[in-house]
Amino acid sequence: MLVKATDMGVRRGERWIIRHVDLTVDRGQLIYLIGANGAGKSTCAKAILGLLAIDEGSVERIPALKVGYVPQRLALSPTLPLTVRRLMTLTERFPSSRIESALAAVGLHRLGDPPVTTLSGGEFQRLLLARALIHRPDLLVLDEPAQGVDMAGSGVLLDLIQDIRRDLQCGVLLISHDLHAAMSSGDDVVVLVPHEHDERSVGLVDPYTGAARQGSGQN
Amino acid sequence: MLDDFFIRALLAGIGLAMVTGPAGCFIVWRRLAYFGETIAHSALLGVAIAVLVDLHLVIGIFVTAALVVLAMYYLERRDTLPTDTLLGLLSHGGLAVGLVLLSFFPNMRVDLQALLFGDILAVSHTDLAVIWGGGVLALGLLWWIWRPLLAATVSPDLAVVAGLKPERAQLVFGILLAAVIAAAIKIVGVLLIVALLIIPSASVRRFAASPEQMAAGAAVVGMTAVAGGLFASATFDTPSGPSIVVTALVLFILTRLGRTLPAGDAR
Ligand SMILES: Nc1ncnc2c1ncn2[C@@H]1O[C@H](COP(=O)(O)OP(=O)(O)OP(=O)(O)O)[C@@H](O)[C@H]1O
Ligand SMILES: [Mg+2]
């Protein structure tokens with residue numbers, strides 16, 4: 001076990017953004033976190049990483065857990081001069097050989113060292129992945145890493161994530177909208193339903209999430 | 001022209017710009033200009049308190065400014081009011097209370113003009129020692145928090161996940177800013193200190209390939225502006241603060257001119 005959330009809930013005001021979520025990631029596992037927009041996937045990931053406090057339940061992390069995190073959004077200030085390679089060493093120094101191999105793993109090694117603001121959306125997404133895996137994490141948390149990556153590329157990206165999981169023997173928590181990929185390649189799929197715990201909106205669950213709900217929870 | 005007081009002011013200014021360069025970069029990257037203004041405005045309250053309890057001005061200003069930073073740190077977490085509203089409250093509240101307090105001491109010789117715009121005649125040997133001692137300490141602190149602060153500037157979440165302590169780094173930076181502003185009071189004055197933080201960094205942005213280059217470049221531009229401004233001040237008998245800022249502004253415009261020719265170059 002790397003992380004284990006039990007009956008986890010996060011509340012904002014009167015509203016439960018997520019509630020009664022059980023989720024475990026073991027070493028070497030690929031766990032999908034699926035749900036419609038606003039279902040609380042990003043919130044769930046942040047709660048598991050300890051980036052926001054939970055209001056109910058518990059989250060256990062093994063001591064000294066090394067995490068690689070790719071957030072859903074990263075808004076860079078245009079006034080901050082950052083190149084591809086400088087971003088790789090943002091939180092820790094690494095020898096250049098390690099930077100090269102992380103960039104090579106995501107296919108960015110021939111890019112040179114341009115300012116990150118000039119990258120395309122898909123290139124930037126790959127760079128964020130490289131930045132996460134250079135730490136050789138035990139747990140990789142990826143919040144919609146395939147956004148802006150082209151169709152062919154998203155298949156390649158999934159293969160890449162599988163390779164990383166095999167090489168590093170790490171657990172992966174993957175937030176995605178791709179239900180098919182989740183069902184076929186995930187060790188487990190956790191489905192969140194938006195407004196599930198709102199008093200007033202019970203019964204408004206749409207068909208996509210309603211159907212997916214049957215696969216909900218742990219196994 | 002190279003009188004003793006002038007040499008002292010020049011040395012003090014250079015010691016100051018050494019720190020305002022890198023610190024100003026963070027102001028620009030993190031959009032903290034109004035935060036800087038707030039600390040600067042609270043300096044008048046600091047002056048009043050220093051007069052009241054008979055402290056060295058720079059110390060009084062630093063302590064008050066540091067308290068304002070702590071108050072801001074606390075309020076941001078506790079209060080639902082937006083940040084700029086809180087800053088406005090502290091900034092103008094501090095300024096007003098300071099002015100009212102000072103008005104109780106009509107025979108106290110507080111040169112408001114000098115506090116607002118700087119006065120190179122006012123830099124004493126003690127000031128010089130305080131500025132250089134504090135400056136070296138500030139640079140050391142900045143070096144220590146550089147990585148967490150920079151990571152937090154890009155994304156606090158990434159910094160936390162990597163085990164850095166962005167909150168602590170941000171608090172240390174706030175205190176450091178209070179020290180810089182306190183030290184700057186004699187040279188550029190309360191009203192213009194933020195300009196010395198922002199203009200040099202803005203001038204070098206387009207020439208810098210990394211955050212570290214930008215910080216070093218801003219320090220060099222800041223030192224140049226201080227030296228040029230002080231010479232102008234001594235030559236034309238203009239107030240030192242505005243002269244320094246005008247020099248910085250001229251440098252900024254020059255860096256803009258240099259590269260406006262090739263079309264389509266953003267920022
Ligand atoms: N700090 C907050 N305060 C109040 N509500 C919030 C806060 N953060 C998130 N929410 C709400 O919680 C819900 C879930 O947000 P979250 O970002 O976790 O959804 P998501 O499943 O990641 O959606 P998406 O697929 O669009 O990324 C949203 O309705 C959002 O408005
Ligand atoms: Mg999300």
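The structure is a predicted model. Ligand 1 has 14 residues around it, and the protein buries 61% of the area that the ligand exposes when taken alone. On chain B, a nonpolar surface patch of about 650 Å² is made by residues that include B:Ile49 and B:Leu70.

- By type, the shell around ligand 1 consists of three nonpolar, seven polar and four charged residues.
- A polar backbone atom of A:Gly38 is 2.9 Å from an oxygen atom of ligand 1.
- Side chains also take part: a polar side-chain atom of A:Glu144 lies 3.3 Å from an oxygen atom of the ligand, and a polar side-chain atom of A:His177 lies 3.5 Å from an oxygen atom of the ligand.
- Taken alone, ligand 1 exposes 640 Å², of which the protein buries 61%.

**Helix H1 of chain A**

- H1(A) is largely enclosed by the rest of the structure, because seven of its nine residues are buried.
- The buried residues of H1(A) are A:Lys41, A:Thr43, A:Cys44, A:Ala45, A:Ala47, A:Ile48 and A:Leu49.
- After H1(A) comes A:Gly50, which has a positive phi, near 80°.

**Nonpolar patch on chain B**

- The residues that make the patch of about 650 Å² are B:Ile49, B:Leu52, B:Val53, B:Leu55, B:Ile59, B:Val63, B:Leu67 and B:Leu70.
- Helix H2 (33–53) and helix H3 (57–78) of chain B are the elements that give two or more residues to the patch.
- H3(B) supplies the largest share of the nonpolar patch, four residues.
- B:Ile49, one of the patch residues, is found in helix H2 of chain B.
- B:Ile49 counts as partly exposed because its relative accessibility is 31%, a value that falls between the cut-offs of under 20% for buried and over 50% for exposed.

How values were computed
Residues are numbered from 1 along each chain as its sequence is written. Chains are lettered from A and ligands numbered from 1 in the order in which they are written. This is a predicted model: local features need pLDDT of at least 70, side-chain atom pairs count only at pLDDT 80 or more; totals for chains, interfaces and linings use all residues. Side-chain values use heavy atoms; hydrogens and water are left out. A residue is near a molecule or strand if one of its heavy atoms lies within 4 Å of it. A polar contact is a pair of N or O atoms within 3.5 Å; within protein, one must be able to donate a hydrogen and the other to accept it, and residues adjacent in sequence count only if both atoms are side-chain atoms. Accessible areas come from the Shrake-Rupley method with a 1.4 Å probe; for residues, only the protein chains shown count as cover. Ala, Val, Leu, Ile, Met, Phe, Trp, Tyr, Cys and Pro count as nonpolar, Asp, Glu, Lys and Arg as charged, and the others, Gly among them, as polar. Buried means under 20% relative accessible area, exposed over 50%, partly exposed in between (1.4 Å probe, protein chains only). Patches are made of residues with over 30% relative accessible area and no salt bridge: like charges are joined within 9 Å, nonpolar side chains (Val, Leu, Ile, Met, Phe, Trp, Tyr) within 5 Å. A salt bridge is a side-chain nitrogen of Lys or Arg within 4 Å of a carboxyl oxygen of Asp or Glu.
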